[in-house]
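Dear colleague,

Please find below the structure that I am handing over to you. My findings follow directly after it.

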Amino acid sequence: MVHFEQLVHYMWGKLNESFKGRNENLKLDTTDLKLLEAIYGLQNLKTSDIAEKTGLSEITVKRRLRNLRKRGLFAKKYAVNYWKVKLIPLMVVGRNLWGKVDQAILDSFCKSVRTVMTSVSYHILDLIVPADDLGNILEYFSGSFKDVDMYFLKSFHKSVSFRFYDVVKNAWRIDYLALSLYIREIIVKEGYIDILKQTSPIKTIIEKVPSRPIKLSGKYARRIRNFETFLNKKNSFLDSNMGISKYTVYKIKSELKRANALKTYIDVYPPKLTEKLYLIIEKGDMRFLEALLLGLSELPVLSFYKADKLDASGRFVKENVIIARLELPEGGFVGFLESFTKMLIDKVDFKLCLETKVLTPHEKGGEEIAR
Amino acid sequence: MRDRETLTSLVEQVSKFLGVTYSFKTSKATRRISSEKGLTKLFRTYFLPRILPKEIEEELTYFFLYKFYTWRGEHEKVEKVLENWSKLIKKIYQRCEDYDVSFEVHEGIEKLRIRFSSGTVYYPMLEILKIDSVLEGKLLKILLETLYRSSKLLREKIKVEDFCGLLWETLKTPYNLSENELRVLDVLIGNPRTKVEEISRLTRLSSPSVALILKRLEKGQAYTANSIIKFDKLGLKHVIVRIPSRKEPKFPHQLSRYLLSLQYVLGDREEHLASFVLPAKHIRSAKKLLINSFGKRIKIYEVEDLQFSVCLDYYDCKSHKWKINYEKLVEKVEKQISRKRSKELEKEQKKETVVNENKFTFDRKDLKILRILIRNWRLSLRELSKIVKLSKSAVHKRVSKLENQKVFEPIINVHRIGLTEDIALIVKSGNVAFLDSLTHVLKKLPRITIYKLREKKEERSKHSENKQQHLFWLTLPSGDTIKFLKNFPPIIEKYGDSEVFYRWHFYSWISFPDPELYLEKQKAWKWY
């Protein structure tokens, strides 16, 4: 007898496969690219604004946007400014964390777990920790595991660019070597960084700003790790697994709105990006890091956190750490490796990892999730 | 006569030749210009992106003239261009002081060598012409396309060294195998010694067409006839050293003479993988030297056995892509362990190890022959005898002696057929059955070199468990590294430990040590 949950998972897998297949055959023309770049740049879905920016008629914009939305190329997303409600986003990177970390900690604080490969496999844990529990959590990780890096996230930024999309061949064509030369050019040329900053596609999604935080009540603070995923999830038939009821979502939403901590933004999903890279950069010269990020923002999708590295007692060990995640097309990892490693080795301490799996922590054994 | 032509007609012709649509508007359109000077100016101003350094601009102009005149069938002018080009080449590069310019004599041919401070070596003219023939004469078009794309991003002029990188990028343009080519190559991989007639019988193609296919594949560098040398029989020991350092390691003089390859790999940290063939008698002192120079953090492995395999089963001729089902391969590994496939494999290996154990003597001439055979064993006796300076019959005797003694094993190596990603995988496990089935399954992948390793004795004695180590060098199609990493490490972790390295820089690649290092009288290799 087939168990109902098994059937649901089987269907979910099939759905993902069909989605992937659709994504591979997807074709985009120049107008589509223009529109996607415009809506990301404007962070606005008003047809009149988009028409003005792209020089297209309002009817075309409306029709095209409807199509693009249907094809899942952009969506409205929610982001929570955790710092405003006395919560701290933490990132823990270490070997063999999955399966060894206390299930209670995963249940209460963990948003997602990613398996990444350098030489061996690592796990990256996304945690949302109430400020009062921070000390305990840091002690737990540093005491129980060897060589664990803990990062206090300060802000989240993202950029989307279609510069390397070849409309004729309907594929990505990225010149990694030229891009690395371009970054070198940005560093050398004086004043170039300031000019590029104005036109750069990098958007600050959430940021820690000095304001008096409002404390979220305990029962909601513990549920909030699933809240963002719940809001941003398109398919609702697996919602029962999220461990959060609709009423709780409503309550949290209203509390966050009261604290002015809920932000909506428009996210664009360029197609055919199969390789995800994590780049953790420490000990970098600020000017180099700025130039590097501006250069990397020309790649299809770049999202990065600015963070500080913490030790067991909660002190900052290293400041201005960048945790970047790049989404690249087929062969992107090796292309990036061959062209960028030399430049990075000369200037910074870095770790380059390849993402192999994304897991949701709320189920024992883990369930692989799609975007 | 085409001595003086109008600017418009020349632009039209060049656009047609380069396959570029170029709208040309100028008041000088009807002006008549002399063809060579006019062409040079025209190519530089209208068709060459302005990001190139002067040296490369000049070289590419010569290259363009050479190709353009060949295309128009003006052979006298082609020769003139080649003459001027080779005369000027040294002058072009000696203007700049950023790099060393020197001449190097390699197998009787004088080559201009440019060495950059980073260690990269660039051979300007000869290298460009060689790559062009590999790319079926399309190098200029591919290169210009890359440069146009880069010029959209870059504003300043690049350096010669950067251009060198861009040039090598063009070599990644894959060779698309047709169905017949795949069949021929498949037979050849199965048995590299197969003759044309035999291939034609097996593939049901006519022998002239098989010969034609082989020539085309060889010219396009889709395959090379290399060989594996049993260094043990030559009194040498193959050693692999892992050096955890960011800087290029500088080896002591006696070690650097026996260095085969040095590559920069990235794993958990930056490391260098060096491969040596060291005199077996001096292996201890060599290890001491290595530890003294680089500290105790280095890892030294002795290579016990080396296997090389090429498999084209997953190549799809229609889409010209590799379609490898990694999930099924992983399933196969587990199935084979349960089926006790390993026992059968052991039997096979035992059969293989029974070889002719007669005493083998050799001299420098043998080593010289081996040095050539390792790169191309298909070379004719006439060519071999010319290089080694021996009579044909003497060469034949020596080659057959080497073959009978199994000192070298001919193999077929594939290149440029969409295989771009290199990973090194070190697997450590006490489960022999698992290692055997993993090896068996990994041999289904396009190209793999398997090294059976043995760690230094002192370190091995510390561990109570007797774990075997294998190093797999895999060459995967573009985008497959992630698929491999998603599927294989979890199963390896079940039975042992694994480490993965990604190669991103090659320093040197010499396949055979210098025969002059062998002392014929003492019958030993030079040391100190």
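How many Å separate the centres of domain 3 of chain B and domain 4 of chain B, taken over C-alpha atoms? In this predicted model, the separation of the two centres is 27 Å. These domains belong to a division of chain B into domain 1 (48-170), domain 2 (179-220), domain 3 (221-355 + 406-528) and domain 4 (364-405).

Domains 3 and 4 of chain B

The two domains of chain B touch through 15 residues of domain 3 and 13 residues of domain 4. On the domain 3 side of this contact, strand S6 (223-229) and strand S13 (408-414) of chain B each provide at least two residues. The largest share of that side is that of S6(B), with 5 residues. By class, the domain 3 side consists of 8 nonpolar, 4 polar and 3 charged residues.

The interface between the chains

Chain B places 31 residues in contact with 26 residues of chain A. On the chain B side, two or more residues come from each of helix H6 (139-153), helix H7 (160-170), strand S14 (419-429), helix H20 (481-495) and strand S17 (496-509). This side of chain B comprises 12 nonpolar, 8 polar and 11 charged residues.

Helix H20 of chain B contains Pro490(B).

Helix H12 of chain B (residues 283-294) has 12 residues, and the distance from its first C-alpha to its last is 16 Å, close to the 16 Å expected at 1.5 Å a residue.

The largest nonpolar core

In soluble globular proteins, nonpolar side chains tend to be buried together. The largest nonpolar core here has 204 residues. Those with the most contacts inside this core include Leu90(A), Tyr151(A), Leu277(A), Ile323(A) and Val241(B). Helix H3 (residues 54-72) of chain B gives the largest share of the core, 9 residues. Leaving aside residues up to four places away in sequence, Leu277(A) touches Arg325(A), Leu326(A), Leu328(A), Phe333(A), Phe336(A), Leu352(A), Leu354(A) and Glu355(A).

Yours sincerely

Methods. Residues are numbered from 1 along each chain as its sequence is written. Chains are lettered from A and ligands numbered from 1 in the order in which they are written. This is a predicted model: local features need pLDDT of at least 70, side-chain atom pairs count only at pLDDT 80 or more; totals for chains, interfaces and linings use all residues. Two residues are in contact if their C-beta atoms, placed from the backbone, lie within 7 Å. Helices (H or I, at least four residues) and strands (E, at least two) are DSSP runs, numbered from the N terminus. Ala, Val, Leu, Ile, Met, Phe, Trp, Tyr, Cys and Pro count as nonpolar, Asp, Glu, Lys and Arg as charged, and the others, Gly among them, as polar. Domain bounds come from an automatic or database domain assignment. The expected span of a helix is 1.5 Å times one less than its number of residues. A nonpolar core is a set of buried Ala, Val, Leu, Ile, Met, Phe, Trp, Tyr and Cys residues joined through C-beta atoms within 7 Å. A residue is buried if 20 or more other C-beta atoms lie within 10 Å of its own, exposed if 12 or fewer, and partly exposed in between; C-beta atoms are placed from the backbone.
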